[in-house]
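Here's a quick tour of one model, starting with a pocket and then moving to the nonpolar cores. Have the structure open as you read.

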Amino acid sequence: MSEVLSQLTDEALLILLQKGDHKAFEVIYRRYWKSVYGFVYHNLGSKEDSEEILHDLMLSLWNRREELKIENLKIYLFISSRNLINKSIRSQMTIRRYREFQLLNQIHETSASDDMIYSEEFDKRLNILLQKMPEKTALIFRMSKIDEIPVKLIASQLALSEKAVEYHLTKSMKFLKKNFRNFYSAN
């Protein structure tokens, strides 16, 4: 039966899917999972996020099968996956801003300045200070504190020892603490 279904067109599979046919859903999944996964992975670069989006996309297709009016299955899957990618990126941006806020509190824990909370202003100030650091130190800081990559992975990616990575992190934190204080007192 599954072999017969795999010969059907997308349109025929969609009709069966709307009627709740699990086998038709499996055929659709097998037909498109590689290309959709590849598209998502190309845009996000994360295996876990790509798998999650593919899962969410297929779950939504199954759960909404009776109400969906799909004319072209392939186009529907790619547009839906693009929308899920955009949602994921927006979510990641929010998480990144939260990390920046946490980092700001670490760097300048004694300051009560309200204007430090504004992420855009913080971004500008942080980027100016990172440009003043040695390139490798700034890179390691970004990887660790903003992208939250573990020290062990940073060391592996940059062909450094873990001690060297920790040295750069300590150096960057001292520099930022000192210069954020100077930066704010100058403004």
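## The second largest pocket

With five residues, H5 gives the most to the lining of the second largest pocket. This is a predicted model, by the way. H4 joins in too: H4 and H5 each supply at least two of the lining residues.

As for the space itself, the second largest pocket has a volume of about 180 Å³.

## The largest nonpolar core

Now for the greasy part. The largest nonpolar core takes in 25 residues, and the ones with the most contacts inside it are Leu-17, Ile-28, Val-36, Leu-61, Ile-70, Leu-73 and Leu-77. Four helices each put in at least two residues of this core: H2 (10–18), H3 (22–44), H4 (47–63) and H5 (73–107). H3 has the largest share of this core, at eight residues.

Which residues does Ile-28 touch, leaving aside its neighbours within four places in sequence? Ile-28 is in contact with Leu-13, Leu-17, Leu-61 and Leu-73.

## Another core

There is also a separate nonpolar core of ten residues, lying apart from the largest one. Its members include Leu-103, Leu-126, Leu-130 and Met-133.

Key. Residues numbered from 1 in each chain as written. Predicted model: local features only at pLDDT ≥ 70, side-chain atom pairs only at ≥ 80, totals over all residues. Heavy atoms only, no water. Core = buried A, V, L, I, M, F, W, Y, C linked by side-chain atoms within 4.5 Å. Buried < 20%, exposed > 50% of the residue type's maximum accessible area, 1.4 Å probe, protein only. Contact = heavy atoms within 4.5 Å. 1 Å grid on protein atoms, 1.4 Å probe; cavity = no way out; pocket = protein on both sides within 12 Å on 5 of 7 lines; lining within 4 Å. Points joined across faces, edges and corners; volume = space filled by probe spheres on them.
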